Amino acid sequence: MYTQALDSHGKEPVPAPTEPAAAHFQARIDADEKIEPKDWMPDAYRHTLVRQISQHAHSEIVGMLPEGNWITRAPSLRRKAVLIAKVQDEGGHGMYLYGAAETLGVERAELIEQLLAGTAKYSSIFNYPTLTWADVGAIGWLVDGAAIMNQIPICRCSYGPYARAMVRICKEESFHQRQGFEIMLTLARGSAAQQAMAQDALDRWWWPSLMMFGPSDADSKHTAQSMRWKIKRFSNDELRQKFVDITVPQAQFLGLTIPDPALRWNEGAQHFETGPIDWREFQAVLQGNGPCNRERLAARRAAHEAGQWVREAAAAHADKARRRAA
């Protein structure tokens, strides 16, 4: 659905990037109009979208790996079937998003090559290991919970194809979050060993989940402009605070302890206050020095190489169909 709008892209005259064109573009943004692929847009707006959408797509694809690792070890047939469905969903999300990026004039193969070459970023959260079954629950509860907090506002993004892709993605992510919370609830109500497993997973995933929202507003390079263009609707710190305020009571319901001794309720602000985030860890993971950075990229490269024959067969079939039609 996303590539249809590019059939004649570049064949029709578009306004030159003059001040009046830029002013008209911003007026459309301010009026909450959707920008579509054939519309004129500033180069910086296009580049920002390509960067954000491609990183989002890469995150969905790499995000299949930590949980896919547990499909063969799920504790029951029901858990196995649900986890397979979830991992499949993540692959579909990546395809939706690569399609949305293509409407901006970039080739999907180029974006995938950037990922495989290690020159493209994806969410730092997926460079942490899944050591126990409880990690699958923690990912669903915390990681997908943080993703939903980030992604629901994108359903109102100013760029139409991205906003529309996010509607279905958010519905499926909501299922993923519930699945994770249900796993954590089962463990928290289980044996002492299962409760300890759930607590251990929370201890390891809490801080990386807070880092998912990106650096603090004071250190974010892109937030202000992205909010002006309504690509983002809330700042990193605003979204992180919403996540904390929703998640802490959930942990209390589970009988688990947030691994933050400085955590406290601020009655005046009506918010939970957290201790300082270790942004050095965040930067180290982004720079490729996380626990599983090399492992994740090696797995993606191996899968890409193993699928080469499928891509070649599909291309040959499509070429044969074109020749028959001609």
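Arginine 73 puts its charged end over the ring of tryptophan 70, 3.8 Å from the ring centre (a charge sits over a ring if NZ of Lys or CZ of Arg is within 6 Å of the ring centre and within 35 degrees of the ring normal). This is a predicted model, where local features need pLDDT of at least 70 and side-chain atom pairs count only at pLDDT 80 or more, while totals for chains, interfaces and linings use all residues. Residues are numbered from 1 along each chain as its sequence is written, and side-chain values use heavy atoms, with hydrogens and water left out.

**Charge over a ring**
- Lysine 242 lies over the face of phenylalanine 234, 5.0 Å from the ring centre.

**Aromatic pairs**
- There are eleven aromatic pairs, counting rings of Phe, Tyr and Trp (its six-membered ring) with centres within 6.5 Å; planes under 30 degrees apart are stacked, over 60 edge-to-face and the rest tilted.
- One of them joins tyrosine 45 and tryptophan 229, edge-to-face at 5.5 Å centre to centre and 90° between the planes.
- Both tyrosine 45 and tryptophan 229 are buried (under 20% relative accessible area; exposed is over 50%, partly exposed in between, with a 1.4 Å probe and protein chains only).
- Phenylalanine 213 and phenylalanine 243 make a tilted pair, with centres 5.5 Å apart and planes at 50°; both are buried.
- Ring pairs also link Phe25, Trp40, Tyr45 and Trp229 into a cluster.

**Cysteines**
- You'll find zero disulfides here (cysteine sulfur pairs within 2.5 Å).
- Cysteine 155 has its closest cysteine sulfur in cysteine 170, but at 3.8 Å that's too far for a bond.
- Cysteine 155 is partly exposed at 22% relative accessibility, whereas cysteine 170 is buried at 9%.
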